[in-house]
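Open the model in your viewer and keep the selection tool at hand. The tour goes from one selection to the next and says what is there.

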Amino acid sequence: MAFAPWLPVLVTLHSVPPAAARAEPAPAAFSSWFDARAKEEQPKVLTRYQVDLDGDGREDEVVCYSLVKSDETRRGDGAPVTLVGLASGEHFAMNTGVGLDVELGCPSPTPEASNTGKPVLLLPRTGMRSSSSVSLRFDRNGPLLVASHVTTYSSSNRMDLLTQRAQTYNYTAPTSEDQDPEGNETRWEGPAQVVTDLESTVLPTPGKVTWGQKNWKGLEDADLTVSLRRRGDLMVVSVRLKDDKTVVAADASPKAILAADHLELRWSEWGTTKRMENRPVELGVARNALGVPVATWFKPPKKKDTPPPTIRWTSPEAIEVELPLDWFMPPPAKRTYYDPMTYMPWFSVFFSDGDGKGQETLVNVFPKVLFVAEPGRPFPTVEQNVQPWARVEAGATLLMLTQ
């Protein structure tokens, strides 16, 4: 540990100035720490380079090493470990971990991720039944997940939060002679979004007319934009509408709301069926003649008698709906697979416009796969099941970080 040099204290006969707060010792530079450990432990350095991984304009250091097997010293298991030393002083380690059927590879200097101008740490993983990779950015609290790609013999899931896109592919082989001998393929591609409390990242998404195009007279007739943001343990859905003729609901019944100009919020409730499949949930929202919001479940959650969430019309054209995050996200104990796409919810908003003649036009924001960031962070925290990692504490050795 480094200590500040001792300074003499000047004392006068009349007064003693208050003692200044003691400065915390500066963190050891990553290169000095790693070079000292390498001199003692003799690792095999597989790659070493510098890149700005936290966006502060300073180069951070990346090292991938392994400790060669030795029967005499029984040092390590030969699996590579990747270290990241931020210029701000924090050090982090990524290894294969225990219980995952993948083996971590070494990163290499990569071009700017997805042409967004933000470099990432791309970690490849290989396994007996799959191949995969994760792309990470960092802040002072650790790695942030920005992209992943997992491929098995029958599926492929890809998401990129820098370009805000996601893709899924699944193949099901025939199980009987009367089924298609080619099997069944399903594909989906659409937007992905991070739900964060950082205002700079909360951007409105415009809607698109998906039904009743011939009845639509333009943006003033019916239009929709949607913004999602985190507020504590809630996801706040902010909707702005344009509607040249508002049709109100007579009451809060499903029939009355369907007959009125209304919103439909649709999402997946994770793992609520016997097969742990996502369950679709749908909420209808309108307002009555007094301007008071009314809501009902078109497709209710699994938990019986769940009341509708808090809803506010903040202006004649704006509405906020507060949805608890635990309605979307499985508890941490259920997040056990290393593909984050397997338990991410999807979410979409529809605006049904009728002008008093029944439903004439449907405007919607396409289904999005949602990823939730911790407060104050721009991307999701990397879960240990997705990529094991640890903060490198004072006194750590390279051998300790392989275990």
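**First stop: the disulfide**

Select Cys64, which has a relative accessibility of 0% and therefore counts as buried, the cut-off being under 20%. Keep in mind that this is a predicted model.

Cys106 is partly exposed, at a relative accessible area of 25%. A disulfide joins Cys64 to Cys106, with an S to S distance of 1.9 Å. A disulfide is a covalent bond between the sulfur atoms of two cysteines. The torsion about the S-S bond of Cys64 and Cys106 is about -65 degrees, so this disulfide is left-handed.

Show the chain around both ends. Cys64 belongs to strand β2 (residues 60–66), while Cys106 sits in the loop between β5 (102–104) and β6 (121–127). The two cysteines are 42 residues apart, and the pair links distant parts of the chain. A search of the whole structure finds one disulfide.

Select residues 310–315, strand β19, and residues 318–324, strand β20. The two strands run antiparallel and are joined by five bridges. Pick out Ser315 and look across to β20: Ala318 stands opposite.

Is Ser348 buried or exposed? Ser348 is buried, with a relative accessible area of 2%. Next, display what surrounds this residue. Leaving aside neighbours within four places in sequence, Ser348 is in contact with Glu264, Leu265 and Arg266, and also with Val365, Phe366 and Pro367.

Notes: Residues are numbered from 1 along each chain as its sequence is written. This is a predicted model: local features need pLDDT of at least 70, side-chain atom pairs count only at pLDDT 80 or more; totals for chains, interfaces and linings use all residues. Side-chain values use heavy atoms; hydrogens and water are left out. Two strands pair if DSSP finds at least two bridges between them. Helices (H or I, at least four residues) and strands (E, at least two) are DSSP runs, numbered from the N terminus. A disulfide is a pair of cysteine sulfur atoms within 2.5 Å. Buried means under 20% relative accessible area, exposed over 50%, partly exposed in between (1.4 Å probe, protein chains only). Contact means heavy atoms within 4.5 Å.
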